[in-house]
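Good morning, and thank you for coming.

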Amino acid sequence: MSQNTVNELIQVRNLVKYFPVREGLLQRVKDYVRAVDNVSFVVREGETLGMVGESGCGKTTIGRTMLRLVEPTSGSVIIDDKDVFKLNGTELKAMRRNMQIIFQDPYASLDPRMPIGESVMEGLNIHRIGTSKERYQIMLDTLKKVGLEDYHARRYPHEFSGGQRQRIGIARALALRPKFIVCDEPVSALDVSIQSQVLNILKDLQGEFGLTFLFIAHNLSVVEHISNRVAVMYLGKMVELTGRDELFANPLHPYTRALMSAIPIPDPMLKRERTILKGDVPSPLNPPKGCRFHPRCPIVDSICSQQEPEFREILPDHWVACWKA
């Protein structure tokens, strides 16, 4: 799939990730959870691609699979003309310097027995960047970039607030000066006032270092604030992808419109017409035939339950998978 080939940093092609479900004494594979099922998109250099959807839709699995924290079932991820899934040993290690992640839970991702200065320097040590003195200075400079001080380097994770821990997580990802960072719901566990601080830090760092983000979230207001383009996921499939302003002004997929209708309006005198979806999200163990959204779709047609819609360009740079779009 070609989606405006200008300044493409990463190409994700036909990405599939199935998790086996095992049972019995011999742990034989009974079935598969179809977490990500044939997803293709590109991430453009210097942009923030937001990825939204309900819990369990596969957005975190996409981010982790792209970095090979989770091994793929099939597909490819191309960066610098190299397929990440075909790299091994020293080549994969070198590539991982350019691809980092900020985890959702900042406390669980930090070693409680390691001072945070050592956590930030860990990647520098693994990749043997500079001398030990230079690595220490890079660590201090990186902590200052995210609003922390030199003395914080000697403290342990339990001595910090949630917002400070997430800043540490950002510093650890930033220390290697990567090209691409997966932000896996980095503000969902934080208070609203702290969320804005962390988002502003990310935007400032992106401008300073020319970073490219895949920003995974379920809060559409956060995605609208930070993203250049937005991808909408549903049950392992991408259903819509376009620019932020275009998506919020003209959502074409009925699932996207339902998500938009749930965004609160900061005026008690105004009311938005809500789209209430019927039923629950189907199981990824046994997804519906045809369009996966059709059991809950308010504009469903007979073809929707029979054939899967192609993910196609309806308007310039506006991709949708829907028979009725």
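**Spaces and sheets**

By the rule applied here, the count comes to 1 cavity of 30 Å³ or more. A cavity is a set of points, on a 1 Å grid over the protein atoms alone, where a 1.4 Å probe fits but cannot get out. Grid points are joined across faces, edges and corners, and a volume is the space filled by probe spheres set on the points.

Please note that this is a predicted model, in which local features need pLDDT of at least 70 and side-chain atom pairs count only at pLDDT 80 or more, while totals for chains, interfaces and linings use all residues. Residues are numbered from 1 along each chain as its sequence is written, and side-chain values use heavy atoms, with hydrogens and water left out.

The largest cavity holds about 60 Å³ of space. Its lining, meaning residues with an atom within 4 Å of a point, includes His253, Cys291, Cys297, Cys304 and Cys322. That lining divides into 9 nonpolar, 2 polar and 1 charged; Ala, Val, Leu, Ile, Met, Phe, Trp, Tyr, Cys and Pro count as nonpolar, Asp, Glu, Lys and Arg as charged, and the others, Gly among them, as polar.

Next comes the largest pocket, with a volume of about 460 Å³. Of its 19 lining residues, Arg96, Gln100, Gly123, Ile126 and Leu176 are the closest to its centre. A pocket is an open set with protein on both sides within 12 Å along at least five of seven lines. Helix α3 gives the most to this lining, with 6 residues. Helices (H or I, at least four residues) and strands (E, at least two) are DSSP runs, numbered from the N terminus.

I turn now to the sheets. Four strands form an open sheet in the order β2-β1-β4-β5, with antiparallel pairing. β2 and β5 stand at the edges with a single partner strand each, so one side of each is left without a neighbour in the sheet. Two strands pair if DSSP finds at least two bridges between them; β1 and β2 are joined by 13, and Ile10 has Val43 of β2 as its bridge partner.

The other open sheet to mention has 8 strands, ordered β6-β7-β8-β3-β9-β10-β12-β11, with mixed pairing. Its edge strands, β6 and β11, each pair on one side only.

Which residue of β12 is the bridge partner of Leu241? That partner is Trp319.
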